[in-house]
Amino acid sequence: MRQAVRRAAQGAAALAALAAVSGCAVQSDAVAGISVTEDGRPLGVLLVCGHRIDGATLSTSEGSHEETIGSWTAHTALGPGLSTWTLDAPAEGWETGRSATPLDAGTTYHLQGWTKDNSRSSTATAFTPEDLKQLAPGNVRYDGTASDGSGTTRTVPVEEFRATACAKR
């Protein structure tokens, strides 16, 4: 009898742990990318695939420490489609919690979109200032998925990003 009770308790605990882990994931509903303006300034890019995205955060991390470098909230939630904004200065249509200061060479930054209720997010994209120097205006760098299912960093013209990035997430 004790073994049956113990097994039932262990089974319930395992199911609770599984539910806790699997129920906490935020669904990705957009793709974040990075580009540059004609004069080389960093440009955030969000392609909303379905519902909405309310804002974006630029961060960097070392080990388990994450630091927010910049944060932006859209005046109106971003629905399906493409949105861009400058990362180093206030941008029209965005409330800037913190503009990105000059980016440090050799540091990897992560840009990701989010919703206020934490129900959805975008994929994150990683980049360095050196990556930005290699970008041409009109091109978007983002972390996508290759045809074999593996993760890959892609740089494509903005129109190709708009047409294919949601399908590749």
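**Notebook: fold, pocket and disulfide**

I began with the order of elements, which from the N terminus of the protein chain reads α-β-β-β-β-β-β-β-β-β-α-β-β-α. That makes three helices and eleven strands, where I took helices (H or I, at least four residues) and strands (E, at least two) as DSSP runs numbered from the N terminus.

I note that this is a predicted model, so that local features need pLDDT of at least 70 and side-chain atom pairs count only at pLDDT 80 or more, while totals for chains, interfaces and linings use all residues. Residues are numbered from 1 along each chain as its sequence is written, and side-chain values use heavy atoms, with hydrogens and water left out.

**Entry on the whole chain**

I looked up burial and found that 36% of the 169 residues in the protein chain are buried, with buried meaning under 20% relative accessible area, exposed over 50%, and partly exposed in between (1.4 Å probe, protein chains only). The chain exposes about 9500 Å², of which carbon and sulfur atoms supply 52%; these areas come from the Shrake-Rupley method with a 1.4 Å probe, and for residues only the protein chains shown count as cover. Taking contact as heavy atoms within 4.5 Å, I found that 56% of the contacts between residues at least 6 apart in sequence join residues at least 24 apart.

**Entry on the largest pocket**

Rolling a probe the size of a water molecule over the atoms shows where empty space is left. I worked on a 1 Å grid over the protein atoms alone, where a cavity is a set of points at which a 1.4 Å probe fits but cannot get out, a pocket is an open set with protein on both sides within 12 Å along at least five of seven lines, and lining residues have an atom within 4 Å of a point. Grid points are joined across faces, edges and corners, and a volume is the space filled by probe spheres set on the points.

The largest pocket holds about 160 Å³ of space. Its lining has 14 residues, and T57, S59, E66, Q112 and A124 are those that lie nearest the centre. Two or more lining residues come from each of β3 (53–62), β7 (109–114) and β8 (120–123). I sorted the lining into three nonpolar, nine polar and two charged residues, counting Ala, Val, Leu, Ile, Met, Phe, Trp, Tyr, Cys and Pro as nonpolar, Asp, Glu, Lys and Arg as charged, and the others, Gly among them, as polar.

**Entry on residues in and between these strands**

S59 is found in strand β3 and is buried, at 8% relative accessible area. Leaving aside neighbours within four places in sequence, S59 is in contact with E66, E67, T68, I69, T108, Y109 and H110.

I followed that list to T108, which is found in the loop between β6 (94–98) and β7 and is partly exposed, with a relative accessible area of 36%. With the same exclusion of neighbours within four places, T108 is in contact with S59, T60, A126, F127 and T128. The C-alpha atoms of T108 and E62 are separated by 9.4 Å, although these residues are 46 apart along the chain.

R120, found in strand β8, is buried at 15% relative accessible area. From R120 to D54 I read 9.4 Å, C-alpha to C-alpha, across 66 residues in sequence.

Most residues other than glycine have a negative phi. N118 has a positive phi, near 60°, and lies in the loop between β7 and β8, where N118 is exposed with a relative accessible area of 53%.

**Entry on the disulfide**

Which cysteines does a disulfide join? Requiring a pair of cysteine sulfur atoms within 2.5 Å, I counted one disulfide, and this disulfide joins C49 to C166, with S to S at 2.0 Å. The link of C49 and C166 is left-handed, with -90° about the S-S bond. C49 lies in the loop between β2 (42–48) and β3 and C166 in the segment after α3 (158–164), so the pair ties together parts that are 117 residues apart in sequence.

Both partners are partly exposed, C49 at 23% relative accessibility and C166 at 24%. Apart from neighbours within four places in sequence, C166 is in contact with V31, L47, V48 and C49.
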